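Subject: Structure for you to look at

Hello,

Here is the structure I promised to pass on. Please open it first, then read my notes alongside it.

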Amino acid sequence: MRTEDEVSGLPAAPLGVPSIPDGLPPAPELGGAPEPEPRSQWQLFRRRFFRHRAAVIGGGVLLFLYLVCFGAKFIAPYDKNHLNLLLGPTSPSKEHWMGTDELGRDQLTEILYAGQISLKIGMAVALMSTAIGATLGAVAGYFGRWVDQVLMRMTDLFLVVPGIAILAIALKRFGQTDTIIILVLAALGWTYVARVVRGQVLSIKEKEFVEAARAAGASSTRIITRHILPNCIGPIVVNTTLGIAAAIVTESTLSFLGFGLQKPATSWGNMLADSEGYYSHNTHLLYFPGLMILITVLCVNFLGDGLRDAFDPQSHH
Amino acid sequence: MLTFVIRRVLYSLLVLLVASFLLFWFTRQTFDPTSRLRASRDKTVVQRERERLGLNDNIVVQYGNWLKDAVKGDLGTSSRTNEEVTSMMRRAMGNTLQLIIWGALISAALAIGIGVFSAIRQYSIPDYLFTGLSYIGISMPPFWFGLLAIEVFGVQLGWFKFVGLHSGDGSSYDVDYLKHLVLPVATLCVQIVASWSRFERASMLDVMSADYVRTARAKGVPRRTVIFKHALRNALIPLVTVMALDTAALFGGLIITERIFSISGMGRMFFDALLTGDVYVVEAWMIVVALFIIMFNLFADVIYGILDPRIRLS
Amino acid sequence: MRKQRRGAQLFCLLFTSVLLVAACSSDKKSPTGAGASSSSSEVVPQGGTLVIGAEQEPDCADWFGTCGGSSWGFWMMNVNTMPRAFDVVKDSSGTYVFKANIMLKSEPKLETTPKQKVTYEIADNAVWNDNTPITSTDFKYTWDQVVNGKDIYDKTGYTNIESVDDSNPKVAVVTFSSTYPDWKQLFAGGYGILPSHILQGKDRDTEMKDGYKFSAGPFVIDSWVKGDSITLVPNPNFFGPKPHLDKVVFKIQADTSAEFQAFKAGEVSVVYPQPQLDAVDAINAGLPGVEKEISVDTGNFESLWINNSKAPFDDKIVRQAFGFSIDRDAMVKRLFGGLGVDKALNVVNAKIVKAYSDENAFSSYKLDLTKADQLLTGDGWAKGADGIYAKGGQRLAFTIKSTAGNKRRELTEQILQEQLKTAGFEMTIENAKAGDLFGSILPQGDFQMGLYAQVLTSLVPGNCTLFCSTNIPTADNGFSGNNWTRSNVADLDTQLKIVDSSLDENARMAAGKAADKIVADNALTFPLDPLPNTLLWSSKVLGPVQDNGVLGPFFNLAEWGVAA
């Protein structure tokens with residue numbers, strides 16, 4: 001098993017969905033961790049971020065999607081799950097912008113409501129796994145020695161079996177609800193953040209300002225939360241955004257395998273899984289849910305890249 | 001070097017042991033090996049089987065027994081077909097290895113090729129194209145990609161086949177076999193090719209702007225030599241790490257790919273076992289996959305150690 | 001990097017818009033293919049290999065054991081290799097009847113006094129593929145295996161046999177200790193007859209489970225590559241008409257959609273798919289070069305099975321109100337309309353035994369919310385603020401369970417859920433895998449309503465198994481009865497017993513019809529649809545390709561051929 005202090009490459013991506021790196025975090029020996037920046041650097045960050053048009057657009061579209069989906073109650077043209085058995089599946093038309101499915105349900109409505117679940121899962125998993133991972137990674141990195149060893153061994157254990165397998169079993173065991181999906185995905189996804197944060201903490205903790213804080217008698221908790229973690233914001237935020245993408249794609253994969261949400265709860269993944277046979281007719285059923293996932297994940301990736309560049313201008317380009 | 005390898009192997013065994021126990025415990029908790037027998041007309045058979053299989057013992061004892069048998073090569077029998085798990089595994093592995101080996105080789109070749117090319121010709125049109133494709137490759141749910149690929153290339157264009165690895169009941173390794181291989185391997189690897197190529201590109205760019213490279217260029221060493229002799233080798237090092245770690249993702253991705261393309265490999269076996277609650281198969285699968293992943297990581301560690309002497313000495 | 005990003009972003013935009021356009025474009029209409037089934041008068045060429053899609057791989061080929069109950073296993077391998085006393089064929093009027101197989105010289109003789117006795121005369125040329133003649137000892141061995149063998153799936157009927165006389169190798173005389181009217185499915189049905197000269201003294205299960213090389217049918221199992229394919233080749237010593245084909249390969253593909261794709265691409269030439277909606281839509285959109293046969297006269301019937309011993313359905317009024325709260329016709333029309341089935345099934349029985357059933361028993365149960373409301377309010381229920389009925393603090397809510405992973409069933413449940421919500425019932429969906437459902441959930445009564453199908457494998461009207469109170473599974477009998485609905489109506493028991501034990505056909509038919517009426521009046525369960533069978537084959541497949549509601553679509557595989 002590889003441990004962080006021996007490798008100067010990127011650690012494993014969240015749950016097997018590889019991230020797109022544009023730059024490598026510099027090797028620890030070169031001391032390339034970002035210098036602690038005083039808060040007034042915010043303007044610098046904002047300027048760097050807004051220069052990346054793709055990231056800005058990605059972020060904007062993402063925000064739009066969240067608003068539209070969670071505001072479905074007000075925006076959707078029809079009620080959720082409103083059947084129209086006589087109508088059956090129809091192509092996109094004036095009355096139904098995204099067409100209807102086999103039971104005559106308006107697809108635009110269904111997509112909006114399904115988006116609530118997919119986006120919620122994405123966000124929740126990302127936040128939870130980042131919170132857990134950042135905490136554990138910071139603790140491991142700061143206290144070192146056996147705490148660090150235990151944590152690293154734990155992450156090794158998590159890497160040993162494909163997450164999908166564990167997920168599928170857990171869903172069978174505990175039921176197929178969005179809460180379980182969120183919990184299990186978060187439980188499997190924290191290792192990535194933990195490693196990144198640990199790496200950062202390792203390089204920061206020897207710096208002078210930390211020494212000074214310790215000399216002044218600050219407790220470990222205070223040092224970690226007020227001095228160290230804020231300087232790891234970069235990778236943490238980037239990972240959160242990428243985690244959203246990974247969670248949404250994994251959830252759709254699970255639905256396809258049949259381990260997704262129990263009906264009538266829908267998510268984009270569920271809708272996509274249900275549309276499997278519609279290749280040459282009623283193709284709208286196959287494309288729209290997939291497109292929503294594709295667009296969301298693309299935006300998340302653009303946003304993540306923009307954030308990464310904004311936080312760490314030393315990564316090239 | 002030797003101590004390095006030995007240390008690594010021992011550590012890996014320990015991880016395997018602990019992981020296997022946890023997985024075993026988890027699986028036994030979730031599934032009941034005798035559930036299928038409840039449908040039988042003979043109602044005492046459930047009790048008899050529980051005794052015979054030692055299911056009433058303490059979980060650690062059960063694990064111990066299972067491990068003892070596993071080391072001897074006996075992984076139990078499937079509760080669905082009564083076939084020995086070991087032979088099922090051998091058969092499934094045969095098919096899966098074809099996908100994984102081809103997949104890893106082709107992905108590595110493509111990723112390195114694309115990555116290096118994009119780095120050398122940064123900002124050219126092909127570079128944009130590849131970058132765009134990479135983003136899309138990462139962002140698409142792989143099973144969606146698979147389904148669309150089947151429709152476009154399999155049904156509409158008819159270029160490739162998509163049922164199993166051979167037509168009819170054939171078993172030869174010929175053009176027909178290749179036609180069957182393309183789509184499943186593509187589906188399995190679309191994400192890792194996209195990610196690895198981006199990684200390699202970044203790594204390459206990183207290295208190409210390093211001081212020692214610039215020095216070499218300044219000294220008049222031809223570009224090609226610089227790239228292939230110095231830059232590439234160093235750019236490969238971090239990629240090896242990522243590649244080894246992503247193998248875990250490959251095993252997970254197999255479950256989808258084999259289902260869509262009706263290939264009866266490890267992924268398919270796991271999926272069927274999960275659906276029918278075939279405990280022994282699930283347990284064996286977890287352990288074998290864990291073993292493989294650990295082996296891959298070990299392999300990558302050693303290669304890394306060979307390529308980067310700093311690691312060996314730490 | 002900015003240039004990089006913009007280029008990449010542009011590309012992504014382009015790709016995404018292409019997909020968007022593809023999504024919005026109207027359905028492609030492909031030219032309609034021929035709809036009629038092949039005529040049997042065309043000349044079938046000799047030779048060729050045929051690849052058929054198989055949706056399910058059997059767990060084992062030991063037909064007598066608990067693992068051997070797979071329908072596909074029966075259709076693919078059993079029907080074409082195991083000798084059987086009776087075939088099930090369609091007569092001139094289109095009704096399924098038993099007909100003596102060519103392994104018998106003539107129709108078996110039935111004597112009813114003093115005891116039931118059946119005499120089978122085996123044809124002189126009936127041999128196994130190793131040229132050993134089929135003898136009465138084979139009958140005796142088969143009976144012995146069923147009654148005394150290890151791990152037998154179902155012993156019904158064989159346990160009524162007192163003795164099998166094999167003193168004359170060509171004549172088997174079977175004497176019954178108690179009458180068994182459905183004797184024609186013995187030494188036939190899902191089992192067949194075993195070769196005593198090969199299996200005597202050996203473990204039947206071990207010899208058969210992974211495939212076996214003996215056969216008395218037109219084909220022999222050549223190989224079974226688990227997870228991949230099953231191959232049949234002609235039996236050179238078959239005593240009947242030899243097959244035209246050189247080889248038949250059943251390619252295993254569990255996914256209906258993928259199987260359909262394979263069929264369209266020509267990788268398999270025949271498919272027998274579950275009637276999933278996307279397959280049906282594709283069929284109706286038209287498939288060039290494809291012929292199809294949709295049979296509604298099948299042994300299947302799918303119903304909403306009610307647990308009559310659990311609230312809220314232990315109350316007959318609630319059950320009846322339920323029947324008036326749903327629109328079964330609309331549901332069936334939506335789900336099966338594409339296959340030409342647009343009326344709900346109105347009897348809890350399969351079409352192939354229609355002689356014994358009252359096909360209009362449930363026709364009075366149509367959507368009538370006023371009537372439903374009348375019934376419920378009369379029974380003390382009142383609609384709450386949430387639109388759901390409640391009585392004495394209990395809401396009219398229940399859970400439905402069905403087999404997981406079946407898209408059509410999920411759609412059925414969703415339709416039900418919405419219809420019931422309007423009517424004032426609250427239904428939750430909780431699906432389970434088939435093994436659990438049929439293995440423990442239903443037998444143990446851990447359900448309120450179940451959605452699943454029964455499949456008859458013989459022309460035996462077997463509703464006593466389903467509705468007689470003696471068959472209720474309880475903890476005492478180890479949950480072994482099949483009356484999962486826990487129906488307990490004295491009149492019903494009487495009628496169904498007549499069907500099961502009388503040797504007077506007319507009496508049986510009348511009793512069967514009466515029984516169906518009782519089931520309907522008591523709303524013990526609600527039938528939904530006859531689950532049609534769909535058989536599709538490429539036009540290059542020649543011969544009398546057709547489905548058989550009992551023996552499956554490959555019963556006459558020997559007569560099929562492929563165009564050169």
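I start with charge in chain B. There are 31 positive and 24 negative side chains in chain B. The centres of these two sets lie 8 Å apart. Keep in mind that this is a predicted model.

Next, the build of chain B. Its secondary structure consists of twelve helices and zero strands. Read from the N terminus, the order is therefore α-α-α-α-α-α-α-α-α-α-α-α. Along the principal axes, the C-alpha atoms fill a box of roughly 85 × 55 × 35 Å.

How much of chain B is buried? Of its 314 residues, 56% count as buried. The accessible surface of chain B is about 13,100 Å². Carbon and sulfur atoms make up 66% of that surface. Now take the contacts in chain B with a separation of 6 or more: 69% of them come from residues 24 or more positions apart.

Now the aromatic rings. Searching the whole structure gives 49 aromatic pairs over all chains.

Start with C:Trp75 and C:Tyr272. Their ring centres are 5.2 Å apart. Their planes meet at 75°, over the cut-off of 60, so the pair is edge-to-face. C:Trp75 lies in helix α2 (residues 71-81) of chain C. C:Tyr272 is in the loop between β11 (270-271) and α7 (277-285) of chain C. The pair therefore ties together parts that are 197 residues apart in sequence. Both C:Trp75 and C:Tyr272 are buried.

Then look at C:Phe250 and C:Phe554. Their ring centres are 5.1 Å apart, with the planes at 70°, so this pair is edge-to-face. C:Phe250 belongs to strand β10 (residues 247-252) of chain C. C:Phe554 sits in the loop between β22 (541-542) and β23 (561-562) of chain C. Here the pair ties together parts that are 304 residues apart in sequence. C:Phe250 and C:Phe554 are both buried.

Which residues form one aromatic cluster? They are C:Phe313, C:Phe322, C:Phe324, C:Phe362, C:Tyr365, C:Phe398, C:Phe425 and C:Phe526.

Last, charges over rings. The charged end of B:Arg259 sits over the ring of A:Phe256, 4.8 Å from the ring centre. In chain C, C:Lys226 lies over the face of C:Trp224. The distance to that ring centre is 4.6 Å.

Best wishes

Conventions
Residues numbered from 1 in each chain as written. Chains lettered and ligands numbered in written order. Predicted model: local features only at pLDDT ≥ 70, side-chain atom pairs only at ≥ 80, totals over all residues. Heavy atoms only, no water. Helix = DSSP H or I, 4+ residues; strand = E, 2+ residues; numbered from the N terminus. Buried < 20%, exposed > 50% of the residue type's maximum accessible area, 1.4 Å probe, protein only. Contact = heavy atoms within 4.5 Å. Areas by Shrake-Rupley, 256 points an atom, 1.4 Å probe, with all protein chains shown as cover. Lys, Arg positive; Asp, Glu negative; His and termini not counted. Charge placed at Lys NZ, Arg CZ, Asp CG, Glu CD. Phe/Tyr/Trp six-rings, centres within 6.5 Å; stacked < 30°, edge-to-face > 60°. Lys NZ or Arg CZ within 6 Å of the ring centre and 35° of its normal.
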